[in-house]
Amino acid sequence: MAVLDWSWSCSDWVLLLLVIGVILYFIGTSNYNHFSKQNVPFIKPVPFIGCMGPLFLRKQYFPQLMMRIYKDLEDHPYGGFFLFKQPIIMLKDPELIKTIAVKDFEYFMDHRAIFSKDGEPVWSRGLFSLKGQRWREMRSTLSPAFTSSKMKTMFVLLSECCEQFVNFLEQCYQHTPQKGCNIEKDGDVLVLEMKDFYTRYTNDVIATAAFGIGVDSLKNPTNEFYRMGQDLTYMGGLRVFKWLAYVAMTKLMQKLRVSVMSTKTTKFFSTLVLDTIATREREGIVRPDMLQLLMQAKKGTLHDDTSNSPGSKKIKIEDDDIVAQAILFFLAGFDTASTLLCFASHQLAVHAHMQVRLQEEIDETLQKNDGKFTYEAVNSMKYLDMVVSETLRLYPPGAALDRVCIKPYTLKSDPPMEMHPGQALFIPVIGLHRDSKYYPDPERFDPERFSEDNKHGINPLTYLPFGLGPRSCIGK
């Protein structure tokens, strides 16, 4: 009886590996001719990871990567790069950006899908994640909550948090050591880690203004709301790779219902919001905060101050919709605001003369208003506005904006490009903000760019810290 010889020689194994390598190469580069077919300039990708190598290997942060791609595309009005295997168009020309984000918005209404209804039932209801008509209706319903009069009403809540923090610092300064004070004192100077300090401040502001609860994250540094907020915004460890997997294989991750957000944290905030709503409705409690406005929107009684008419009643708002918006407000404001405050503080420490000028404006404003800040007083502080505006230019909260094509469209530029539904675009905010064509000496911190005499010379299409067009940040 004949016996088959299954032994392989070394050359056989080498040949097999070569065949596998070739197959993997073609799989990993299968759509990398997406831009070359239309003669569109693009950044040369690497199999499977596209142009994300520096980010994947953690050699660059996302803003640095966006800056590099922006510069590598040189003077082209737009170009392409690959987010892993997904082709992305980067718009560079301001007029082209205006066309996509404003004039032809109906073709680019949506953001890229991250959360699925099955995998993330709460997160997928957030305003940022909604698409098409549902987004239009929800935006219209929520917009009356963000008028200046509504912000003015909530200003008292922010002021209370501010006084709470200032009083804590005063006590730490006057009495050392103090129970609950984890701030060091070096002579006449208080020494504290500013990111932690500002994060606790924004945490307490959002807790009271969005969720309707009072917390003191300085006197109670391990309070549950703060700990859950930290977990919600944590992007280290395994969660980083989950996010990368979602970006690289969005559809697969959604089909597998892999959750990138902490289920425990989501449940905590959901229970908190629902319990607060139930308590208010049962006891007739009314409070000047965002949760109250969302409750009014649900009932259709939220009024638009500019038109004296009720808010949109076209859609049914459920409790889960309110939970989603409240959590989204936390995520959108928690880290972005504290990071902005950190960068502003750093620049004021480096530029002492700017710090002195701002301090003088603050002192003068307090003197005019009997030692207290009001909504109108803060809005009247021109140099403060200049400092914040320049900080947002140099350190925008979002390095890039995204849009997705939802209908066939021809990008009329040089060269023209045919776009199909699903094609994603990026607007490189940080690239525009640090382009010497629009801002001389762009790496220099200079609040004078936004003075009354100079700010009119800034092209609004090159300053986008809150986005552009109908889908810009509702909290601007």
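Contact here means heavy atoms within 4.5 Å. These legends describe a predicted model, in which local features need pLDDT of at least 70, side-chain atom pairs count only at pLDDT 80 or more, and totals for chains, interfaces and linings use all residues. Residues are numbered from 1 along each chain as its sequence is written, and side-chain values use heavy atoms, with hydrogens and water left out.

View 1. With a relative accessible area of 5%, T202 is buried (buried is under 20% relative accessible area, exposed over 50%, partly exposed in between, using a 1.4 Å probe and protein chains only). Setting aside neighbours within four places in sequence, T202 is in contact with G333, F334, A337, S338 and L341. Y226 lies 24 residues from T202 in sequence, and their C-alpha atoms are 10.0 Å apart.

**View 2. Helix α7 packed with helix α13.** Residues 194–209 form α7 and residues 319–350 form α13; the two pack at an angle of about 140 degrees with their axes 8 Å apart. Axes are lines fitted to C-alpha atoms, for helices over the stretch in contact, and angles run from 0 to 180 degrees between N-to-C directions. Sorted by class, the contact has 10 nonpolar, seven polar and two charged residues; Ala, Val, Leu, Ile, Met, Phe, Trp, Tyr, Cys and Pro count as nonpolar, Asp, Glu, Lys and Arg as charged, and the others, Gly among them, as polar.

**View 3. Aromatic rings that meet.** Rings of Phe, Tyr and Trp (its six-membered ring) pair if their centres lie within 6.5 Å, with planes under 30 degrees apart counted as stacked, over 60 as edge-to-face and the rest as tilted. The count by this rule is 25 aromatic pairs. One of them joins F35 and F82 edge-to-face, at 5.4 Å centre to centre and 70 degrees between the planes. F35 sits in the loop between α1 and α2, F82 is in strand β1, and 47 residues separate them. F35 is buried, at 0% relative accessibility, and F82 is buried too, with a relative accessible area of 0%. The rings of F146 and F329 are also edge-to-face, with centres 5.6 Å apart and planes at 75 degrees. F146 is in the loop between α5 and α6 while F329 is in helix α13, so this pair ties together parts 183 residues apart in sequence. Both F146 and F329 are buried. One aromatic cluster takes in F211, F225, F268, F269, F330 and F334.

**View 4. Helix α12 and its surroundings.** Seven of the 10 residues of α12 (residues 290–299) are buried, so this helix is largely enclosed by the rest of the structure. Among the buried residues are M290, L293 and A297. The buried residues of α12 pack against α5, α6, α7, α11 and α13. Just past the helix, G300 has a positive phi of about 80 degrees.

Conventions: Helices (H or I, at least four residues) and strands (E, at least two) are DSSP runs, numbered from the N terminus.
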